[in-house]
Amino acid sequence: MAGIKPTDVVPSAAVKFFGAGTAACIADLVTFPLDTAKVRLQIQGECQKGSSAIKYRGVFGTITTMVRTEGARSLYNGLVAGLQRQMSFASVRIGLYDSMKQFYTRGTDSAGIVTRLMAGCTTGAMAVAFAQPTDVVKVRFQAQVRMADGVRRYNGTLDAYRTIARDEGVRGLWKGCMPNITRNAIVNCSELVTYDLIKETILKYDLMTDNLPCHFIAAFGAGFCTTIVASPVDVVKTRFMNSQSGQYNSAINCALTMLRKEGPTAFYKGFMPSFLRLGSWNIVMFVTYEQIKRGMTRAQQYWESPF
């Protein structure tokens, strides 16, 4: 990330890797209800038997409805899979971003916009390869609604992995992999590159020092840009990953079906919770990540030379 001076100790790749995963888990814990509301709004309108009425209206309306009909715990459906996802996913896509930049620039410090975009796309695609099953399970849990008789689609996280593998094959755990790679290439480029550029610009013109207010503004800008760019792909990814076997032939078929039956505005369903979630998630994650990096680097320095 931008902002490291020549005299500063550069955090190691291991510090960035574990720091990114930890910071992402903390951000998920804070913003998970917004993510669940986003998923419910995105899948609303799918053609399913007996579900033509609009059940959820707006971010807070969705959260209120879920708490009233399913209990407060429903807001954290899929949290275990979500934390598993972040620990494996964010560690790669965020923690290895700087290393990938150095790889493309062959160790030099001058990284242009194209290099940053390439690094973001690469780590985003790598992360999906590791974490796709956890993402599928997380979305399925967030989308499931408690029935009147208390029946659920899955009884637990491990049961979800087993059920999906048994009913849909191992490939079912990688369902929606291609739209997810596309989405995360876009998200990673928008999120990391925007954060990097905003922070670099702020420090370059001495508008702020490399501290919490700077990280806050850069993270907020990154969250807004990412939501604008990634929402259409995110909606298709969510719909496709949550679909019953045979409901859609492919992610493209899912997108075309949405366009034909619900119109172009369907691609921005759940935009407000997406923005609230991505904006707040980015703020919590990047601010926490920067502090973890500094804390772990200082601890490492002290460990290596305590006196």
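A residue counts as buried when its relative accessible area is under 20%. The exercises below apply this and other terms to a predicted model.

**Exercise 1.** Determine what share of the residues of the protein chain is buried, and describe the surface that the chain presents.

*Solution.* Begin with the cut-off of under 20% relative accessible area; by this criterion, 52% of the 307 residues of the protein chain count as buried.

**Exercise 2.** Work out how the radius of gyration of the protein chain relates to that of a compact globule with 307 residues.

*Solution.* Finally, look at the contacts with a separation of 6 or more, of which 78% join residues 24 or more positions apart.

**Exercise 3.** State which secondary structure elements the protein chain contains, and decide how helices H1 and H2 are oriented to each other.

*Solution.* Counting the elements gives 10 helices and 0 strands. For H1 (residues 13-43) and H2 (residues 59-70), the axes come within 9 Å and cross at roughly 95°. Angles of 65 to 115 degrees count as roughly perpendicular, and H1 and H2 are therefore roughly perpendicular to each other. The contact involves Pro33, Leu34, Thr36, Ala37, Arg40 and Leu41 on the side of H1, and Val59, Thr62, Ile63, Met66 and Glu70 on the side of H2. Sorted by class, these residues are 7 nonpolar, 2 polar and 2 charged.

**Exercise 4.** Describe how helix H5 packs against H6 and against H8.

*Solution.* Start with H5 (residues 113-143) and H6 (residues 157-168), whose axes lie 10 Å apart at an angle of about 105°, which makes H5 roughly perpendicular to H6. Among the residues that meet here are Pro133 and Phe141 in H5 and Tyr161 and Ile164 in H6, and the contact as a whole divides into 7 nonpolar, 2 polar and 2 charged residues.

Continue with H8 (residues 212-242), which packs against H5 at an angle of about 85° with the axes 9 Å apart; H5 and H8 are therefore roughly perpendicular to each other as well. Here the residues include Asp135 and Arg140 in H5 and Lys237 and Met241 in H8, and the classes come to 4 nonpolar, 3 polar and 3 charged.

Notes
Residues numbered from 1 in each chain as written. Predicted model: local features only at pLDDT ≥ 70, side-chain atom pairs only at ≥ 80, totals over all residues. Heavy atoms only, no water. Axes fitted to C-alpha atoms, helices over the stretch in contact; angles between N-to-C directions. Helix = DSSP H or I, 4+ residues; strand = E, 2+ residues; numbered from the N terminus. Parallel < 35°, antiparallel > 145°, perpendicular 65-115°, else oblique. Contact = heavy atoms within 4.5 Å. Nonpolar A, V, L, I, M, F, W, Y, C, P; charged D, E, K, R; others polar. Rg over C-alpha atoms; globule rule 2.2 N^0.38 Å. Buried < 20%, exposed > 50% of the residue type's maximum accessible area, 1.4 Å probe, protein only. Areas by Shrake-Rupley, 256 points an atom, 1.4 Å probe, with all protein chains shown as cover.
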